[in-house]
Amino acid sequence: MAKAMDYENLNENVKKCQYAVRGELYLRASELQKEGKKIIFTNVGNPHALGQKPLTFPRQVVALCQAPFMLDDPNVGLLFPADAIAKAKHYLSLTSGGLGAYSDSRGLPGVRKEVAEFIERRDGYPSDPELIFLTDGASKGVMQILNTIIRGSSDGILVPVPQYPLYSATIALLGGSLVPYYLEETANWGLDIVNLRQSVAQARSQGITVRAMVIINPGNPTGQCLSEANLKEILRFCYQNNVVLLGDEVYQQNIYQDERPFISARKVLMDMGAPINKELQLVSFHTVSKGYWGECGQRGGYFEMTNIPPKAVEEIYKVASIALSPNVPAQIFMGLMVNPPKPGDISYERFIRESKGILESLRRRAQLMTDGFNSCRNVVCNFTEGAMYSFPQIRLPPKAIEAAQKAGKVADVYYCLKLLEATGISTVPGSGFGQKEGVFHLRTTILPAEEDMPAIMDSFKKFNDGFMEQYEDHKGYSRM
């Protein structure tokens, strides 16, 4: 007799849920690594794992908060700058017993106030700390909000395709329906409102109530930045269709061009004036994992709610309370991210030098990778305007697609596995993010060290061009 936790008796939603970023490719890469092969893990936006150095100031502050006895040492000023010592004392004063004590389920009130002040400086409109919840990374916040919205399989969530699989996986886990809207690759992954309307009409014809729309700005995996005009169109669309907008804005520091700077959905909404700015429901997400911080392992994030009624906020608070408290050290990281050293502070020059150095290098790496992919046979790649990824289209010959089918693999999974075996470069196939039928991609981060980038791109080009040579029709046969 099958037992309760045998595979066949598990929750069907758990079995349906897929997360390609840590899927088949990642598992195979981990096996190869155990066998002694050098693996370059470009499958996940994990900057410190690929050599990015942590910013000094926040680590100094958190180190002192973690070991407060050091603050009593008469020599502490020889090891730590005075502003880091003052900040550590400030954050410890906000807790009810240091970093080992639970905080309020929404996060420390003092840090939420700092987040609200950051949002006001960024957008030019006041923000209410009572409508800001600190979370264990932005992902936990997204899951919390989707859990609140999805009531059953007839509730649909509009998600951009290609999309970050956190959304498809969570929607499947919660038993909702993903309603895809396709980004247009030939228009630099732009959003077409006509396509959006068609997606909603099709979902409604299948009995699905579209309840929310996700935007990822800058885009993951596509790297595009939404313009103000595009954001206005999206906000109007959500307003007309009575849909809550979920603004995934975790890459807002990662901008690699000057034509389209980051602008928050909240700022555009407020600029639009009444009645839309008083009525449209919006939830915005941010994190310490991306940007020039890259503190993925710390698990710090927040969400801010706009025009969500008090009774709904109470329900969200109730569910947050089940987990008691978000990770407290990460809340300190969030406070430091939104309230960094200021001009005149002892640590300011170093902080600016380190953060600018990281962003400028990422901008150069974005260009190196785009140029590298576009120099390859049957590969086309839009420039990474923002975020941390390249998403090149791989034009696979029919014989490669046949070979993949014979091997029982999706064509881009087959290509990425061959790339991994040949070069040690671990990527994510485009099918893990969603793509148009018969079109294939892969996603790689732009995070490998700048000095390693030319060798990585040379290795990719050598593999790709050899692969295409083997499968192009003019050969008449396959050698693989």
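**A buried asparagine, aromatic pairs and a surface patch**

I begin with Asn-254, which counts as buried because its relative accessible area is 0%. Please keep in mind throughout that this is a predicted model. Where does Asn-254 lie in the chain? Asn-254 belongs to the loop that runs between strand E7 (244–248) and helix H11 (265–272). Once neighbours within four places in sequence are set aside, the contacts of Asn-254 include Pro-218, Lys-290 and Gly-291. Leu-359 and Leu-362 are also among them, as are Glu-385, Gly-386, Ala-387 and Met-388.

Let me turn to the aromatic residues. How many aromatic pairs does a search of the whole structure find? The search returns 14. For Tyr-26 and Phe-41, the ring centres are 5.9 Å apart and the planes stand at 55°, so this pair is classed as tilted. The angle falls in the tilted class because stacked requires planes under 30 degrees apart and edge-to-face requires over 60. Tyr-26 is in helix H2 (residues 24–34) and Phe-41 is in strand E1 (residues 40–41), so that the pair links distant parts of the chain, 15 residues apart. Tyr-26 itself is partly exposed, at a relative accessible area of 24%.

A second pair, Phe-133 with Phe-303, is stacked, with 5.2 Å from centre to centre and 25° between the planes. This pair too links distant parts of the chain: Phe-133 is in strand E2 (residues 132–135), Phe-303 is in strand E9 (residues 301–306), and 170 residues separate them. Are these two residues, Phe-133 and Phe-303, buried or exposed? Both Phe-133 and Phe-303 are buried. Ring pairs also join Phe-133 and Phe-303 with Phe-285 and Tyr-317 in a cluster.

Tyr-317 brings me to charges placed over rings. The charged end of Arg-106 sits over the ring of Tyr-317, at 4.2 Å from the ring centre. Likewise, Lys-15 has its charged end over the ring of Tyr-7, 4.5 Å from the centre of that ring.

Which residues make the nonpolar surface patch of about 210 Å²? Val-14, Met-143 and Leu-173 make this patch. Leu-173 is part of helix H8 (residues 166–173). Its relative accessibility is 34%, and Leu-173 therefore counts as partly exposed.

Notes: Residues numbered from 1 in each chain as written. Predicted model: local features only at pLDDT ≥ 70, side-chain atom pairs only at ≥ 80, totals over all residues. Heavy atoms only, no water. Patch = residues over 30% accessible without salt bridge, like charges linked within 9 Å, V, L, I, M, F, W, Y side chains within 5 Å. Areas by Shrake-Rupley, 256 points an atom, 1.4 Å probe, with all protein chains shown as cover. Salt bridge = Lys/Arg side-chain N within 4 Å of Asp/Glu carboxyl O. Helix = DSSP H or I, 4+ residues; strand = E, 2+ residues; numbered from the N terminus. Buried < 20%, exposed > 50% of the residue type's maximum accessible area, 1.4 Å probe, protein only. Contact = heavy atoms within 4.5 Å. Phe/Tyr/Trp six-rings, centres within 6.5 Å; stacked < 30°, edge-to-face > 60°. Lys NZ or Arg CZ within 6 Å of the ring centre and 35° of its normal.
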